[in-house]
Amino acid sequence: MKRIICLLLLLNACTPALEEAGDEAVFSLDVGEALGGDNTAGYLRAEEPRVFSFPQDHGLHPGYRNEWWYLTGNLQNENGRRFGYQLTFFSTAIAPGSTSSSGWQSPRIWMAHAALSDITSGQHIALERFSRENPGLAGARLSPFRVWLENWSLSSNNDNAFPWQIELNDDSFSLDLQVSAAKEPVLQGIDGLSQKSPDPGNASYYYSLTRLNTSGSIRLNGESYDVSGLSWLDREWSTSVLADNQSGWDWFSLQFNDGQELMYYQLRDTQGNAHPSSAGNLTDLDAQQQYIQPEDISLQELSNWEAPNGVEYTTRWRMQYQEHDLIIAALLEDQFMNLSVPYWEGAVEVLDADTQELLGRGYLEMVRSP
Amino acid sequence: MTLPGKNLLNLSAWRYARQHPWQSWLSFLGIVLGVMMVVAIDLANNSANRAFALAVDSVNGSITHQIVGGDRGVPEENYTALRTELGIRRSAPAISGTVIIDDTGFTLLGQDLLSELSLRRQRAGFETTGTAFDPALLDFSTRQNVIVMSQSAARLAGFSTGDTFRAYRQETPMTRSIESVLELVATLPSSDPVATEGILYTDIAVAQRVLGRSGYIDSIDLILDEQEVAQVQNWLPPGLTLTDSETRNDSLTQMTEAFHINLLAMSLLSLLVAALLIYNTVTLSVLRREKTLGIFRALGVSRQEIHRLVLGEAALYGIFASIIGIGLGYLLGKSLLDLVTAAIPDLNYRLNVTSFLLTPSSLILGFVLGTGVTLLSAALPAWRATRAKPITLQQRAGHDSHWQAILPLLSTGGLLLMLAGFVLLQSAWWGLVGGFIALTLLIAGFCLLVPGIMLVCLQLLLQVLQRSLRLPGRMSLRNIRNSLNRTGLAVAALAVALAVTVGVGVMVDSFRNTVIIWLDQSFQGDIELTGVGLDQQLANELAELGGVSLVSASLISSVETSLGQARLHVGDLPAAQSYYLKEFNESDLARFNRGEGIMLSEPLAWLNQVTLGDTVTLTTGRGNQDFPVLGIFYDYTPSQGLIGIHETLYTQWWGAREAGRLTLFSDDSNPQLFAEVSSFLQGNPEIAVFPNAEIRNVTLAIFDRTFAITSVLRILAIIIAFIGVLSALMALLLERGREFATLRACGMTPAQIMRLILMQTAVMGLFAGLLSLPLGLMMSDVLIDVINKRSFGWSMQHFLPSGVLLEAMVLALVAALLAGIYPAFKSARVNPSRALREE
């Protein structure tokens with residue numbers, strides 16, 4: 001489950017409140033509204049399970065309103081300097097059925113978010129870009145596989161095969177990474193159909209590459225670091241997901257040292273309580289999965305951090321699932337993404353609640369209403 | 001002197017003015033018109049400049065650089081490459097062009113809102129972010145026909161949200177227009193309403209479609225730091241140029257300024273004529289009142305007081321006339337604005353100047369010039385008034401003989417002034433301003449020469465015609481000769497006024513004729529094709545059509561050179577067929593055709609002092625390369641310099657590129673050729689086809705539009721000249737009322753008197769007319785060879801339009817005769833005994 005975009009909201013003619021913060025224009029968005037399903041006529045919807053096939057499904061799924069490629073990862077260099085990174089490409093269709101395009105006329109608008117957490121120095125940088133699709137400014141295609149927005153890209157040098165390259169260049173930092181899938185794609189939800197609210201069609205098709213071996217280099221503040229570690233790719237496409245009474249979520253993607261991965265999203269209702277549509281998945285060494293329902297899992301908020309916009313984000317959690325009793329702790333308190341859609345997204349470590357032993361690493365995302 | 005005494009003086013001045021309303025009013029009118037011209041032109045110039053700056057700013061915003069392309073613009077994939085490969089993010093594509101809605105032109109400005117976001121530019125008073133993320137604006141991307149305007153611009157145009165319009169674009173100024181339907185979906189507040197006037201904001205995809213620019217954009221607008229500049233320079237594909245936006249605007253501004261200086265100079269010439277009128281009037285008023293002034297002096301009025309009286313009078317006239325002139329100038333300036341605007345070099349977008357800017361400096365200039373010129377003109381007569389002998393009145397003849405004594409001095413002074421003018425013209429010192437100073441010296445010198453020339457001519461005439469002339473004829477000639485101090489002055493004033501009309505007329509006519517020759521030489525062929533897809537295959541197919549003798553391909557690109565940025569014309573025709581050559585060696589032409597060198601446009605060569613045989617460095621597709629200059633050709637396109645190269649050279653250094661223009665030469669065997677070519681290209685909407693003759697017509701129409709303001713100024717100068725003739729001659733004749741009365745008393749009939757007067761004015765008119773011709777031609781020479789050359793680097797052929805010369809003669813004679821009618825009528829009717837009683 002991922003956050004959808006301000007663009008959605010904009011394109012659906014909801015009026016964003018525009019505020020000036022310094023010289024940056026910031027949108028305050030109501031995420032529930034953004035992901036609401038008001039204007040879905042003409043779009044395909046995720047109503048039934050489908051057959052996934054790869055590498056085709058790595059590419060774009062026209063006909064749905066939203067789609068994203070969501071990369072997160074925990075990396076470190078040989079001296080043990082730790083980094084977390086995020087690179088996300090969001091695509092939003094402008095109008096249903098508008099697949100034809102020419103010149104600058106674009107069927108989709110793209111947004112990309114990127115972030116780097118330098119755990120050692122405590123620095124967190126968040127970036128955001130927008131672009132229309134045409135002429136070739138942003139997009140997703142296969143053979144060769146490439147998802148890009150300007151000079152940020154995720155691509156394959158060898159048709160659609162791994163390793164894939166992550167290239168990101170910005171004044172503030174650069175990423176030059178190779179990722180290779182250590183496991184087959186994991187279909188989330190029920191056979192890849194991830195129901196987000198009770199209404200049929202308020203769902204997405206969702207698969208993950210839960211363990212991507214990653215190596216490459218990071219440039220930050222004029223220094224270059226050779227790094228390696230693990231990344232996670234979430235792929236989701238949908239037309240509408242949230243119901244009116246849902247407004248945010250807490251999303252965990254955890255990679256255990258024993259080779260298992262756990263994904264869980266806890267949807268929140270407008271009162272801030274967990275919504276019954278929350279769900280997750282435990283992936284074992286052979287990419288076999290266990291579906292996790294809200295009643296199977298217990299989440300406890302241990303401590304909060306207050307973001308500059310006044311919203312409290314939980315940076316220390318206790319998660320209990322079957323035999324697992326875990327502490328999930330942010331590596332940095334401030335991994336706040338102060339972008340068009342403000343949210344908290346950051347690197348976490350997973351500890352044994354009893355022994356404090358490091359069991360794994362992961363990423364946590366929290367989208368909450370102010 | 002006590003207060004009542006002072007009143008007495010003023011009262012006498014007032015009475016004089018009351019008794020001689022004609023002279024007073026005419027010279028008053030002269031100042032009014034002169035000031036009006038200066039103020040009007042200056043105001044119009046300022047408004048046009050401001051609108052120009054705003055237009056550039058509202059379209060370009062606060063950017064530092066632009067990437068521009070050749071005749072078709074920048075291929076859009078270059079923008080993609082810039083962002084995706086180079087990662088230059090502070091960049092945005094731009095397209096603008098004119099669309100017509102209900103016969104009104106609007107600038108359709110296409111932008112990509114998401115790119116604009118990264119540029120963060122302040123454009124036309126909109127907050128970029130506000131513009132970019134207004135939900136209605138984002139509607140841009142979903143619906144392909146929406147536009148947005150500023151609230152003020154929409155109000156001005158009478159549009160409101162939800163309106164739909166049929167917008168027409170003109171492919172070329174004369175071909176078919178293509179219709180699109182646009183819908184105004186939102187109006188936004190702008191902090192600078194003037195800058196958004198006439199601008200329709202739309203998505204770049206919409207603009208591209210409506211303007212028919214598929215695949216291309218006008219420019220890539222950039223904010224670059226130094227490092228990025230180098231990065232972009234290295235990456236820049238052939239045919240594209242990175243320009244500093246300030247330099248780009250500067251060259252346009254420079255051009256406009258040169259034109260405006262010319263206009264202002266012309267209006268100053270009118271003021272000069274007005275000054276002569278004032279001098280004339282004040283001199284006459286002093287002469288006429290010498291007796292009164294003498295009595296005043298006898299009564300104990302001091303010289304200073306007399307001096308003050310005369311100057312005070314003049315100042316009063318000057319101030320009032322200037323104020324009225326400023327008022328009228330304001331009104332005239334408003335109506336001249338469109339004409340002045342039309343003279344601004346064409347940009348990609350239309351300049352909407354509906355707001356008239358009232359610049360205080362223009363008004364002050366008018367006032368200072370008006371009163372200053374009046375006081376200066378009155379200074380000499382005022383000084384002379386103080387010389388009035390106290391006791392008895394001086395005989396006028398005494399004055400005249402005194403005047404004849406200084407005639408050689410005047411003539412010598414005149415010759416010296418003209419000589420100084422010529423010397424100044426020869427040296428290139430002081431550029432444009434030097435040129436105008438030289439022109440002023442020439443005119444002033446000529447004025448001083450006029451009485452001398454007249455004296456010689458009159459003496460000759462009297463001797464030659466002694467036998468054949470009857471008494472009235474001889475009398476009228478002698479009358480003129482004997483009062484040369486006044487007649488000479490009047491004739492000089494008239495001659496200058498008429499010369500302005502001659503000079504400007506000849507200059508414009510010469511320019512226009514030169515442009516016609518240039519058009520013939522530079523735009524040969526019969527049918528032009530422009531657009532996308534003009535490849536060799538199409539050229540071959542067209543060559544197969546009946547009646548086509550030759551298909552020539554050419555393109556205009558832009559190139560960075562050691563002389564700065566220039567347009568590059570690439571053609572496949574021999575030099576002699578492509579250019580209107582100015583300087584060249586016969587042998588070099590063959591070298592040019594083989595691709596061994598380049599041709600420079602005259603303005604480019606002139607401004608950079610480049611001559612034949614020099615080398616110029618061009619940035620080619622394969623790096624910097626020196627090329628010899630093999631020829632210089634005339635070019636009158638009002639923009640950057642032009643460099644001509646042969647296709648072979650272009651292919652060698654830049655590689656092959658698709659033509660931007662195909663020219664079809666007809667062997668005249670197929671009268672249906674144009675129709676056939678049009679139908680041949682029917683399925684290809686990207687290509688525009690039009691007969692070459694129309695390019696010529698359109699270019700000339702643009703020329704005429706540019707010079708329309710000049711014609712208006714010329715008409716105003718003619719009116720001032722007319723008033724000048726009228727006032728000077730009338731004043732002169734009215735003053736001689738007593739002489740005519742004497743003649744009546746001696747037995748002349750009223751009819752004879754009338755004939756005498758009319759003959760006298762006719763002779764003076766004739767003198768003025770004849771003298772205006774050499775002076776006018778001299779002025780046109782200076783305007784053509786110096787002023788225009790120094791302003792624009794354009795040289796032109798001299799043409800002598802007989803119409804302009806004839807016009808000046810007719811004008812002089814008609815005005816002179818009209819001026820004579822009232823005094824003749826009055827003198828003939830006067831009762832001799834009563835008129836003589838004053839004596």
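Biologist: How many of the residues of β5(A) are buried?

Modeller: This is a predicted model: local features need pLDDT of at least 70, side-chain atom pairs count only at pLDDT 80 or more, and totals for chains, interfaces and linings use all residues. Residues are numbered from 1 along each chain as its sequence is written, while chains are lettered from A and ligands numbered from 1 in the order in which they are written. Strands (E, at least two residues) and helices (H or I, at least four) are DSSP runs numbered from the N terminus; a residue is buried if 20 or more other C-beta atoms, placed from the backbone, lie within 10 Å of its own, exposed if 12 or fewer, and partly exposed in between. β5(A) is mostly covered, and its buried count is 11 of 11.

Biologist: Which residue of β5(A) stands opposite Phe83(A)?

Modeller: Strands pair if DSSP finds at least two bridges between them. β4(A) and β5(A) run antiparallel, joined by 11 bridges. Opposite Phe83(A) stands Asp118(A).

Biologist: Which residue in the turn between β5(A) and β6(A) has a positive phi?

Modeller: β5(A) also pairs with β6(A), residues 123-132, in the antiparallel sense over 10 bridges. Ser117(A) faces His124(A) across that pairing. The two strands form a hairpin with four residues between them, and the turn residue with a phi of about 75° is Gly122(A).

Biologist: Is Pro107(A) buried or exposed?

Modeller: Pro107(A) sits in the loop between β4 (82-93) and β5 (108-118) of chain A. Its C-alpha atom is 7.1 Å from that of Glu133(A), 26 residues apart along the chain. Pro107(A) has 21 C-beta neighbours inside 10 Å, so it counts as buried.

Biologist: Which residues does Ala495(B) touch?

Modeller: Contact means C-beta atoms, placed from the backbone, within 7 Å. Residues up to four places away in sequence are not counted here. The partners are Val450(B), Ala768(B), Leu771(B), Ser772(B) and Leu775(B).

Biologist: How do α16(B) and α17(B) run relative to each other?

Modeller: Axes are lines fitted to C-alpha atoms, for helices over the stretch in contact, and angles run from 0 to 180 degrees between N-to-C directions. α16 (residues 431-464) and α17 (residues 471-482) of chain B pack at about 155°, with their axes 10 Å apart. Under 35 degrees counts as roughly parallel, over 145 as roughly antiparallel, 65 to 115 as roughly perpendicular and the rest as oblique. The angle therefore makes α16(B) and α17(B) roughly antiparallel.

Biologist: What is the handedness of the crossing of α16(B) and α17(B)?

Modeller: Leu455(B), Leu458(B), Leu461(B) and Leu462(B) of α16(B) meet Arg474(B), Leu477(B), Ile480(B) and Arg481(B) of α17(B). A crossing is left-handed if the near helix is turned anticlockwise from the far one by less than a right angle, and right-handed if clockwise. The crossing of α16(B) and α17(B) is left-handed.

Biologist: In β19(B), which residue is the bridge partner of Leu600(B)?

Modeller: β16(B) runs parallel to β18 (residues 623-633) of chain B, with four bridges, and Leu600(B) stands opposite Ile632(B) there. β16(B) also pairs with β19 (residues 642-646) of chain B, antiparallel, over two bridges. In β19(B), the partner of Leu600(B) is Ile643(B).

Biologist: What is omega for the cis peptide bond that joins Asn134(A) and Pro135(A)?

Modeller: Pro135(A) lies in the loop between β6 and β7 (138-141) of chain A. The bond from Asn134(A) to Pro135(A) is cis, with omega about -10°.

Biologist: Is Gln609(B) buried or exposed?

Modeller: Gln609(B) is not a glycine, yet its phi is positive, about 55°. Its place is the loop between α22 (602-608) and β17 (615-620) of chain B. Gln609(B) has 8 C-beta neighbours inside 10 Å, so it counts as exposed.

Conventions: Contact = placed C-beta atoms within 7 Å.
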